[in-house]
Amino acid sequence: MAKKRKKRSNKPKSTSVEKAILNYLAGNQKKQCTFSQLHRKFSKSYSTEKVKRTLEGLLDSGKLTKTRANKVKIAGAIESAPLTIETIEGTVDLTARGDLYVVCQSLNKDVFVSRKNGMNALQGDTVAIKLFASRRSRLEGIVVDIVKRKQDRFMGTFQMSREFAFVVPDDRKMRYDLFVPKNMMGGAQDGDKVIAKIVEWKLEDKNPTAKVEQILTGFNRNELEMNNVLLSAGFDIEFPPKALEEADSMPEEISAKEISKRHDHREVVTFTIDPVDAKDFDDALSVRELENGNFEIGIHIADVSHYVKQDSALDKEAINRTTSVYLPDRVCPMLPERLSNNLCSLRPNEDRLAFSVLVEFDSNHKVVSSAFTKSVIHSNKRFTYGEVQDIIDGAESEFTSEVNTLITVSRNLRKNRFKNGSINFESEEVRFELNEEGYPIGIYTKDKHESNQLVEEFMLLANILVAKYVSMLNPESNPIPMVYRVHDGPNPEKLDSFSLLARRFGHLLKFDDESHVAAIMNDLIKKIHGKPEQAILEKMAIRSMSKAKYTTENIGHFGLAFEYYTHFTSPIRRYPDVLVHRILEAALKDRRHIIYPKDELEVLCQKSSDGERSALEAEREAIKYKQVEYLSDKIGEEFDGIITWITAHGFFVEMVENKCEGFVAIREMADEPFAFDDVSLTLTGLRTGHIYRMGDKLRVVIEETNIPDRKVDLGIVDLDDDEDDQ
């Protein structure tokens, strides 16, 4: 009797998992994947547990290696362009040990540079590197030139010797003391707080040579710290004398000759709407009915380019700064105060020069036409957001009719924007209540009302119309180089990571098609509104998106779902807006006139994008400082919190009451070892089995604060055990 043959299984043998993974990754030496991507690919053929154990075994054996981006790849694979004698430029990111990672856009990968091969590069510097072959899986290189210093001024303590001195920088990322010759001391005495500027740093010199520029007498701790934050981010505290002289020389009055060259809009009802503490007013709105029964809404923007002429001292300083920086207690402006708070500011009851976008709407609130013109306006009222919100809610005002028209149109614009795919991100803005010395005595989040949205919609509209107008001039034959504010589509891997996090809170997201991302995100934002996970998911959703930037290549704005978009509406505080004003003015006079060659404009775009990132860095650093300062006298106090991020060493907790963040280190958590899962981002107690997840609610106690390092150490008081079973 013949033996019965066993039915052949189509499922691959479990022993082939390792070979399948290695073959998949080896198929392309540049391929690298996250754990979750490999899980999804191979779990269709093998069990999830088997894939997980195999990956861990491959890492332990050294056949696979992890990248800095927490991905895995074949060990020994070099991800780089061919190694040549050519240099590659990048930006320095220093480690605590003094080694460097150089971020190179052309490689899409960071290059490791050991401290001995880093020349004297500092945090944020632009450097030229050469790659060299490495036995390790990472890219390695050597710095061959410092292309540009991010920072050349440092705050520190002056230490005097007989014939020379040193300035010991307050910035902990600056590893070198500044050598100050006797003739460059500027009258500083031993122990003084000073600002010193590097004037020379030869490769063979261990320390840079610097001169004392300012002695900081009479400054309290808050003044010193905020100034140091600005300097560390690469922003100058003082304006150069030539720029100040140029600003001071400008006449207060607007000449009749200048008014005659402009559209006179002074008789039309116009007002500004800004935060209660605003000092510079970039924009104003006007409303009037037209003879044909339609109505016109004017979007009036401060005419900064009238005062800041191309290649002037003010222009060069504005290029240097690129943006204003907003710290908890001050503004470091892009333009001197005489311009930013006076001549260019659209203050109430004063004639002011503007660049206006005049938009005609029909009775259905649809755009009929638009026009651009240099103008002179007269603001009738300086509204705060709160005052306009009161009118929207029913309060009476002499401008009730105009406000009601604006809110009706803005609602329609907003509705259409989201219908067309705009994503409704609304991140919280932390604000501080400060005493006279600048010490934080309270923390709150900035409220956003419909009055904020009203202004936002008209600014977006002006930016769209200007970008489209310039783009449509000579689109084929001789296009005008233009500054665009662009936002690329999201990275699929980041979306995958975000969907895993959202699933932790019970939200199943499927990002199968880029065209559906906006609808999925907006639906999620509605569902989580008012829920405990709102803050963390909104924050991580924003991180999953690409970063917006300035460029001459128009790829559209994904987040706003705009085909054409620029920045035209804030020239007092953003340099790209000044560029756009000049380009638009030249185009209106002669549609073939190119004021900036494309390559030159692209350099200014890149510098503006870099400046924007530096400003955000300074603002975040100042907020962290104030938060730690606020908690420094609350040692031992308890707060409810939510886990916002998890690492192998512990987790970050944001306190619900004050929005401050601290760290719970696992080394301080009882006497128990923990296992970290970098896929699910969880910590599991190996003895108790307790799992800590992002979004978990718990109660923490302030154990220690470190103001210089911006750190808060937390301990766990109690945990909501109900979370364990989720």
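Predicted model: local features only at pLDDT ≥ 70, side-chain atom pairs only at ≥ 80, totals over all residues.
A residue counts as buried when its relative accessible area is under 20%. By that cut-off C344, at 2% relative accessibility, is buried.

**Cysteines**
- A search of the whole structure finds zero disulfides.
- C344 takes part in no disulfide, and the nearest cysteine sulfur, which belongs to C332, is 17 Å away.
- C660 has a relative accessible area of 1%, and therefore this residue also falls under the 20% limit and is buried.

- In soluble globular proteins, nonpolar side chains tend to be buried together.
- The largest nonpolar core holds 77 residues, of which I273, I299, L339, V357 and F458 touch the most other members.
- Helix 12 (residues 450-471) supplies the largest share of this core, namely nine residues.
- When neighbours within four places in sequence are left aside, V357 is in contact with I297, G298, I299, A371, F372, A462, L465, V466 and F568.

**Surface patch**
- F132, I142 and V144 form a nonpolar patch on the surface, and together they have about 200 Å² of accessible area.
- I142 lies in strand 7, which covers residues 140-148.

How values were computed. Residues numbered from 1 in each chain as written. Heavy atoms only, no water. Patch = residues over 30% accessible without salt bridge, like charges linked within 9 Å, V, L, I, M, F, W, Y side chains within 5 Å. Areas by Shrake-Rupley, 256 points an atom, 1.4 Å probe, with all protein chains shown as cover. Salt bridge = Lys/Arg side-chain N within 4 Å of Asp/Glu carboxyl O. Helix = DSSP H or I, 4+ residues; strand = E, 2+ residues; numbered from the N terminus. Core = buried A, V, L, I, M, F, W, Y, C linked by side-chain atoms within 4.5 Å. Buried < 20%, exposed > 50% of the residue type's maximum accessible area, 1.4 Å probe, protein only. Contact = heavy atoms within 4.5 Å. Disulfide = S-S within 2.5 Å.
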